[in-house]
There are 2 protein chains.
Amino acid sequence: MSTPPVERARSIATVCLSGSLEDKLTAASAAGFDGVEIFENDLIASAATPERIRAQCADLGLAIDLYQPFRDFEAVPRDVLRANLRRAEHKFDLMARLGADLALVCSSVSPEAVDDDDLAAEQLHDLAELAAGRGIRICYEALAWGRFVDTYERAWRIVRRADHPALGVCLDSFHILSRGGDPTTIRTIPAEKLFFLQLADAPRMNMDLLQWSRHHRLFPGQGEFDLAGFLGAVLAAGYAGPLSLEVFNDVFRQADPGPAAVDAMRSLLALEEAAVPAGPVVGGRSLPEPPELAGPAFVELGADAGAGERLGSTLAALGFRPAGRHRSKPVRLWEQGDARILVNTGPDRPEHRGGGALAAIGVHSADPRAATRRAEGLLAPVLPRSARPDEADLSSVAAPDGTALFFCRTGADRDASWLGDFDPEPGGTAGAGVTGIDHVAMTQPFDHFDEAILFYRSVLGLDPEPPVEFAAPFGLVRSRLVLDPGGTVRLALDSAVLRRGSWAPAVPNPQHVALSTDDVFATARAVRELGAPVVAIPDNYYDDLDARLELDPELAARLRECSVLYDRDARGEYLHFSVAVPGSRVFFEVVQRVGGYRGRGEHNTPVRMAAHRRRRLATGS
Amino acid sequence: MSTPPVERARSIATVCLSGSLEDKLTAASAAGFDGVEIFENDLIASAATPERIRAQCADLGLAIDLYQPFRDFEAVPRDVLRANLRRAEHKFDLMARLGADLALVCSSVSPEAVDDDDLAAEQLHDLAELAAGRGIRICYEALAWGRFVDTYERAWRIVRRADHPALGVCLDSFHILSRGGDPTTIRTIPAEKLFFLQLADAPRMNMDLLQWSRHHRLFPGQGEFDLAGFLGAVLAAGYAGPLSLEVFNDVFRQADPGPAAVDAMRSLLALEEAAVPAGPVVGGRSLPEPPELAGPAFVELGADAGAGERLGSTLAALGFRPAGRHRSKPVRLWEQGDARILVNTGPDRPEHRGGGALAAIGVHSADPRAATRRAEGLLAPVLPRSARPDEADLSSVAAPDGTALFFCRTGADRDASWLGDFDPEPGGTAGAGVTGIDHVAMTQPFDHFDEAILFYRSVLGLDPEPPVEFAAPFGLVRSRLVLDPGGTVRLALDSAVLRRGSWAPAVPNPQHVALSTDDVFATARAVRELGAPVVAIPDNYYDDLDARLELDPELAARLRECSVLYDRDARGEYLHFSVAVPGSRVFFEVVQRVGGYRGRGEHNTPVRMAAHRRRRLATGS
């Protein structure tokens, strides 16, 4: 017998978001949070009285789940205790005005504290007694870098010893997992003593715990911690309070709080799905399973008329044939093998009026309606439909960078699918050996990199590979591949490690469609004959390749001749070349995988980027 | 008898700079470097043949001092050695084409290497023999994270054991100092075995050595390593090769390489000055000593006519009196106590045409001509003079953010000084108790923060305080105070920790002039009566102050009444309030120091910034 799904309260600490306290509360409410943790500094800088903040929260439907942090309280000499209790009384006054009834006390880092758990327990008992008189409860949290108390096990021992009904523990996934703590023993803590739970993910980093925590926390699912296991352990222990996010992150601290709060909520829903068998419940509804994907259905490029022409010529030179015109929209379908590319010259989005950019990706999925419902449940904005009654009813959602994501039914016959909206065009060239779409690479806007990883991970059920970093000619680039379990849909997401300034490439956020072939050299020769502008790779690259890999001389010569880049790993080989589209943000790659090669030639990217830039400088495009 | 000053060769690794190899070489030459280390990846991505790069370097007057890095060579099984020697031969071919005769081999991180110094020595001997046959020498460097060889002492033991004239060591300050290595034993290495020296500074960080090295290195003088001591030890050991910079830094990797190369050269000159008694020699000339400063002479604000009016009204409301008009320029002098502020409504710089911004700082110095020669020697751009024959011949140099820096003679009488260029205006108000200029705070453009620290440190001989970081409402801010030994000139330099995007304050790089007073409350009341727009600080701040510091109730009440912010440290107290200038990038602070307080109320900055933003939103300015 399975327990019925429960809708849990979801909360967010105001410190996760940028702006004034008012900005933060508005964003949290709009994203559907039920409550907030008020971070003290946000309140101190606010001109709103505590009563006004209380009223604003009530208007926005937000509970004030926690007031935090109260620092450096326990295990101190008498005179310091007196001052600390006075300080606490002031904060309890404030909490009464705010209508908050739970305060967080984090373990001391003060040089005045002593290593004495009995004294800590005794003083926390006094504090809890003071709080209880005001209807306030205290949760005690072990900071990972606490001077003496730095594990939740020790914090719990002190709380148990203090033995006061108004005193419990606060668990924070970062403080526990960053130190390699074991969450399974959380079950030894009685449920009624688990007062609060803070959730944060992080990339695995070997650095000072405090700096790691203050700068690099991430929302669940964006980092490398096992948060599903952690949350599972906490829920198994009987915790029934809010699931609350506390994420200190340099990027989120300065990003628009609206999308950041949506990202945060999505992370919680995805985490609940991973941690709880019944999955999350939102507004009384549970979330459909991740879709079963069966590869890309199409890639749509947006362009103005002139750029559309250039994209068309490039596609023709790549061996694509014009296969259909949309019945009601200025969209043309290009086909080669299983690769389908739409060129949309409609004025849908202003950024496409220029030289051409990715507008949409369509993926084959077994149940498009369920996939869309899932995306909606995960707060992906559903895009307006503009199909005529006789056209396929395709629904799509917007990814964080604005790219539309379409779900197309796997194996649908032409009439029932989106292909039926195109009037077929007969004839066309014989092709250049392109068999399908290997992956789509999208440079993400700086503020949205981690959000994008989580978006595709949660909405499409893709798994992220570990991040890689490389030194591009104009700065470091971080890159991460996300792909479905079957490896049919592969998206490469890149972003600059630091937001770029004026000394930056002309095309700040390039995108490309990587087309697959079974014979990269045959395709290279074919497209060259068709006039495709293959990006020239310099001899220096091939000299180094030869020095490093001692390739078969015939292979080496063919790579050099065809400007094909080369990589290999323990499982196989990767051969790839690029074709530029003058003036466009988007370009094409043709790739051949040999054996079980997993990557996408990341190490060659700086060479390709430098070659691209030379081409643009030389052609003025 | 002191040795005559020597002009040492100065070199820079291409990896320090952004762009293509051609961009990097051009920038290095323009900044006056004598040579470069060619970083292999830069060459591999370049379309120029090695012969062409050699010719470009020759044209630019750059020696190719080093080709690097050659990785994972030594202490490997026979078959791996064979492949490694083949790889080396390819690179020696390349070096012959480049005209480079020194290659860097860094200690292995390969899983194929074994822990056997004899084997390493034997194989490095073989490599050196191969190199020597081609007229090439090898320098061996211990990476701080080398698998077995991670100290220079061990690298030297292997080199000594290998005993080949074409094999020596390369010392890298980062690899040594990041591990807390002791440079004094460098003197045990014979001078002729010290083949190369790489210099890099870094902030003190407790993190993975490789990540620290790859992302956070800085040019000497920008970080916290004792590079003067390190260089002194290397020179004492008899090293006579180039002083070469090798800095991997996320910001420099994406900044305009022209200014970055100048910054790099300045760092070397300042380091030589600190390490070598005779100081650096540039173009046959040595550098004048750092100037003796005696406080700020003036601050000049640039504005268009309308903003000039508003600045004037604000200054009047602050108790300044209009004290003079420049004889030939649209500049007005405002005076109060020792504080002198010029308002320049000339169209000198486009960015000042708006609401007003800092244009120049004048400092009193004992020998302005020597100070300017020093600034020139340190590559500060000397600004064109526009004085008429009867006017003071003031010379100025440009700081990295474009602010002009003037040197004014200390104690010069009015006729001989810049004040003589102003026609005095009689009369004016009695003042509001401002006694002088406490400090000037300048938010630096993101790419120029570390450069600015080094600029003021070297040109003015100021000492930087340790950096502080605080959470402003729109993101983290890093801040560092630089001041002269006498504490007469204090400059606060701030910058966002991450470059900001569209969700950012309306005034991205605010600046302010902090005026000193002996009685902040008297001044606050006086300026309020004069109509100054004092920035209102919310009650929440004062409630927290009371909770934290248990202030004397009378003091607490006066702070609250006057919107005065408060801080204290072990040495004293700091009381300060702000006055806005509508529509301006610049604003004013009035500050009172009590006792030996050293800071500038950094902890209050987020509260002040939030208050400023509310004011701007409320007044629409």
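1. A salt bridge here is a side-chain nitrogen of Lys or Arg within 4 Å of a carboxyl oxygen of Asp or Glu. A:D546 and B:R86 form one, with their closest N and O atoms 2.9 Å apart. Across the interface of chain A and chain B, the rule finds twelve salt bridges.

2. This is a predicted model: local features need pLDDT of at least 70, side-chain atom pairs count only at pLDDT 80 or more, and totals for chains, interfaces and linings use all residues. Side-chain values use heavy atoms, without hydrogens and water, residues are numbered from 1 along each chain as its sequence is written, and chains are lettered from A.

3. Chain A gives 58 residues to the contact, and chain B gives 58 residues (contact: heavy atoms within 4.5 Å). The copies meet through the same surface, because 100% of the interface residues of chain A are also interface residues in chain B.

4. About 4,800 Å² is buried between chain A and chain B (accessible area, 1.4 Å probe, lost on putting the two parts together, summed over both). Carbon and sulfur atoms carry 52% of it.

5. How are the two chains related? A rotation of 180° with 0.0 Å of shift along its axis superposes chain A on chain B, RMSD 0.0 Å (least squares on C-alpha atoms of residues with pLDDT of at least 70 in both). The two copies are thus related as by a two-fold rotation axis. In chain A, the C-alpha nearest the axis belongs to A:M207, 1.9 Å from it.
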